[in-house]
Amino acid sequence: MTRSLPSFALRAGGVALAALLGTATPAPAQPDPDTIVNAFEAVLGPVRTYRPSHPKGTCAARHFTATPDGTRLSVAPVFSGQRNAALIRFGVAGANPNASDSARGTRGLSIRFESPTGDLFEMANISAPVFGANTPQALVDGLLSRANDPATGRPNPERAAAYAAYVAANPTVGNQGRYLAANNPPASWATTPYWGVNTFLFRGQDGQVRPARWVFEPRAGVERLTEAQMQSMGPNFLADELRRRIAAGPVEFDMVLQFPGQGDDVLNPTVAWPEDRPRTVVGRLVVTSVAAGPGGPCDPISFMILDQAPGIEMSDDPVLQARAAAYAVSLSRRTP
Ligand code: HEM
């Protein structure tokens, strides 16, 4: 399914993106949030104490302030230009709370913003420009293709073959794996970009609604592990490296919006938009403190609230549409 949006197409009012795009065929039914979290559990066991995705992580904090362009492009309270408190979680993707910091895979940057007026906005971003599933059903099928069949204690070969056939027919699903194979893991949580991946709708001060994706660019620059460091750094260097770095000064990221051009797919998070699309710096995230150990105030948060802010609204991207309710189910299952 490829739908594109002309670069000049903006909208005013609450028109759904699919309507704006014209002849949208009805979207196929997608799994409900319980079915999605059940699929995580089929692979990992019961979600009880920690997140089924990015379970390894470290909590950090400080603030986010919009640039004047950010204030112009979004009426959301977080973009007012005043300083927002930010609760931040740096994570390591996968399902293993003891995952190695040196292994290939995505790293996470999750943020809860709290404006001076008490408005909350949350997001969870990854260190790859694309996701590994083009629909929620594909995510579930991918998980279940790896799950052990209770009857045999091994993955079901027919399920695995059906998913392999799906990937062959939908090659963009492999884009994230190709990106990670070509880009070694970051040398620090502070030296990688983090992408929001899904398309959101930014309602500006001028009343227009612009589809956009965001990326947090590290002001320290991009630095990745060498092949030798991937062998030598060990499994747990990221948290201490961040603590040492922050003891010497703040860690900062610029939040950058990217806008789609002619032919860009706005509804499929496995496809990145070309680098030359228009970009605007809309804010700066500053991190000045890191938790001394695991746990802390990030644990009871899922970093994806059901009710996103007016001014930063969800697009019809089916993967984005499935996220908030699944995160809420996951949070409720892991909350004592
Ligand atoms: C159908 C799509 C998706 C589903 C069903 C899904 C599901 C989940 C669930 C259940 C959690 C654990 C939530 C919790 O217990 O607090 C989670 C965490 C996470 N997800 Fe997703 N996810 C999806 C797509 C994405 C995408 C596109 C991204 C990249 C931007 C992403 C990035 C993350 C990150 C970074 C975390 C860890 C958040 C934290 O630090 O607490 N996910 N996801």
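**Notebook: pockets, cavities and the ligand**

I began with the largest pocket, and by class I found its lining to hold 27 nonpolar, 16 polar and 5 charged residues. In this classification, Ala, Val, Leu, Ile, Met, Phe, Trp, Tyr, Cys and Pro are nonpolar, Asp, Glu, Lys and Arg are charged, and the others, Gly among them, are polar.

I note that this is a predicted model, in which local features need pLDDT of at least 70 and side-chain atom pairs count only at pLDDT 80 or more, while totals for chains, interfaces and linings use all residues. Residues are numbered from 1 along each chain as its sequence is written, and side-chain values use heavy atoms, with hydrogens and water left out.

**Entry 1: the largest pocket**

I first wrote down what the words mean. The search runs on a 1 Å grid over the protein atoms alone; a pocket is an open set of points with protein on both sides within 12 Å along at least five of seven lines, whereas a cavity is a set of points where a 1.4 Å probe fits but cannot get out. Lining residues have an atom within 4 Å of a point. Grid points are joined across faces, edges and corners, and a volume is the space filled by probe spheres set on the points.

I recorded a volume of about 1200 Å³ for the largest pocket. Its lining comprises 48 residues, and Phe40, Ser53, His54, Phe131 and Leu139 lie nearest its centre. Two or more lining residues come from each of helix 2, strand 3 (84-92), strand 4, strand 5, helix 4 (136-146) and helix 9. Helices (H or I, at least four residues) and strands (E, at least two) are DSSP runs, numbered from the N terminus. Helix 9 gives the most to this lining, with 8 residues.

**Entry 2: the ligand**

Which space does the ligand take? I found that it takes the largest pocket; a molecule sits in a pocket or cavity if more than half of its atoms lie within 2 Å of the grid points.

A polar side-chain atom of Arg89 is 2.8 Å from an oxygen atom of the ligand. For Ser330, a side-chain N or O atom lies 2.5 Å from an oxygen atom of the ligand. For Ser110, the corresponding distance to a ligand oxygen atom is 2.8 Å.

Which protein atom is a donor of the iron atom of the ligand? The only one is Tyr327 (OH), at 2.0 Å. Donors are N, O and S atoms within 2.8 Å of the metal (3.2 Å for Na, K and Ca); water is not among the atoms, so sites may look incomplete. I located Tyr327 in helix 9.

**Entry 3: the second largest pocket**

I recorded about 450 Å³ of space in the second largest pocket. Of its 25 lining residues, Pro55, Lys56, Gly57, Pro294 and Gly295 are closest to its centre. Strand 2 (56-66) and helix 8 (238-248) each supply at least two lining residues, and strand 2 gives the most, with 4. The classes here are 11 nonpolar, 7 polar and 7 charged residues.

**Entry 4: the cavities**

I counted 2 cavities of 30 Å³ or more. The largest cavity holds about 50 Å³ of space, and its lining includes Phe113, Glu114 and Phe121. The second largest cavity holds about 40 Å³.

Methods: Polar contact = N/O pair within 3.5 Å; in protein donor to acceptor, adjacent residues only side chain to side chain.
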